[in-house]
Amino acid sequence: MKRFEYFEATADIGLRAYGKDMEEAFENAGLAIFNIISDTSGIAPLREIEFEITSEDDVSLLYDYLEELLFYHEVEFMLFSRFDVEISEGFHLKAKITGEEIDWDRHERKSEIKAITFHRMAVKKADNVEVQAIVDL
């Protein structure tokens with residue numbers, strides 16, 4: 001199974017991430033987000049950040065999770081390449097994200113993400129889980 005893919009969206013980029021469960025799909029969505037910004041294969045797992053969020057439904061949880069990833073990227077000036085997610089009842093998420101401080105002399109600079117959008121955001125559960133989001137570049 002592929003981990004994630006991109007699709008066209010006017011002036012933005014869309015992503016679909018996949019997993020055997022919600023946790024894996026969210027982890028792959030995090031990887032997809034940071035592959036838009038840089039090549040995650042060149043990001044060392046040097047520093048870990050943990051956070052928790054609670055939302056009102058699956059789609060809001062995805063939005064809040066992706067927003068939190070961008071928040072730590074911007075505030076801590078970091079790139080992330082490892083995402084460990086636990087989701088429990090009540091739409092509660094615990095995440096452990098690992099990466100390193102940005103060094104544009106070493107890290108490939110791709111696209112800057114301005115924001116996560118709710119437009120066409122979706123969480124589809126069947127045999128596997130597919131999450132979809134569009135980011136504003």
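**Briefing: helix packing, sheet pairing and backbone features**

Histidine 73 lies in helix α2. In this predicted model, histidine 73 counts as buried because its relative accessibility is 12%, and buried means under 20%. Leaving aside neighbours within four places in sequence, histidine 73 is in contact with Phe34, Ile37, Met78, Leu79, Phe80 and Ile102.

**Helix α1 and helix α2**

- Two packed helices are described by the angle between their axes and the distance between the axes.
- For helix α1 (residues 22-37) and helix α2 (residues 58-76), the axes come within 11 Å and cross at roughly 40°.
- The two helices, α1 and α2, are therefore oblique to each other.
- The crossing of α1 and α2 is right-handed.
- On the α1 side, the contact involves Met22, Phe26, Glu27, Ala29, Gly30, Ile33, Phe34 and Ile37. These meet Asp58, Leu61, Leu62, Tyr65, Leu66, Leu69, Leu70 and His73 in α2.
- By residue class, the contact of α1 with α2 divides into 12 nonpolar, 2 polar and 2 charged residues.

**The open sheet**

- An open sheet is formed by 3 strands in the order β3-β5-β4, with antiparallel pairing.
- β3 (47-54) and β4 are the edge strands, each pairing on one side only.
- From one strand to the next, the twist averages 20°.
- The pairing of β3 with β5 is antiparallel and extends over 8 bridges. Within β5, threonine 98 is the bridge partner of glutamate 48.
- Helix α1 packs on the sheet, where it touches β4 and β5, and its direction makes about 165° with that of β4.
- Helix α2 also packs on the sheet, touching β3, β4 and β5; the direction of α2 makes about 145° with that of β3.
- β4 and β5 pair in the antiparallel sense over 10 bridges.
- β4 and β5 form a hairpin with 3 residues between them, and glycine 90 in the turn has a positive phi of about 80°.

**Strand β2 and strand β7**

- Strand β2 (residues 12-19) is mostly covered, with 6 of its 8 residues buried.
- Strand β2 is joined to strand β7 (residues 129-136) by 8 bridges, and the two strands run antiparallel.
- Alanine 17 has valine 131 in β7 as its bridge partner.

**Residues other than glycine with positive phi**

- Most residues other than glycine have a negative phi.
- Phenylalanine 91 is not a glycine, yet has a positive phi of about 55°. Phenylalanine 91 is located in the loop between β4 (78-88) and β5 (92-101).
- Phenylalanine 91 counts as partly exposed because its relative accessibility is 32%.
- Arginine 120, likewise not a glycine, has a positive phi of about 60°. The place of arginine 120 is in strand β6 (residues 115-125).
- Arginine 120 has a relative accessibility of 42% and therefore counts as partly exposed.

Methods
Residues numbered from 1 in each chain as written. Predicted model: local features only at pLDDT ≥ 70, side-chain atom pairs only at ≥ 80, totals over all residues. Heavy atoms only, no water. Axes fitted to C-alpha atoms, helices over the stretch in contact; angles between N-to-C directions. Helix = DSSP H or I, 4+ residues; strand = E, 2+ residues; numbered from the N terminus. Parallel < 35°, antiparallel > 145°, perpendicular 65-115°, else oblique. Left-handed = near helix turned anticlockwise from the far one by under 90°. Contact = heavy atoms within 4.5 Å. Nonpolar A, V, L, I, M, F, W, Y, C, P; charged D, E, K, R; others polar. Buried < 20%, exposed > 50% of the residue type's maximum accessible area, 1.4 Å probe, protein only. Pairing = 2+ DSSP bridges.
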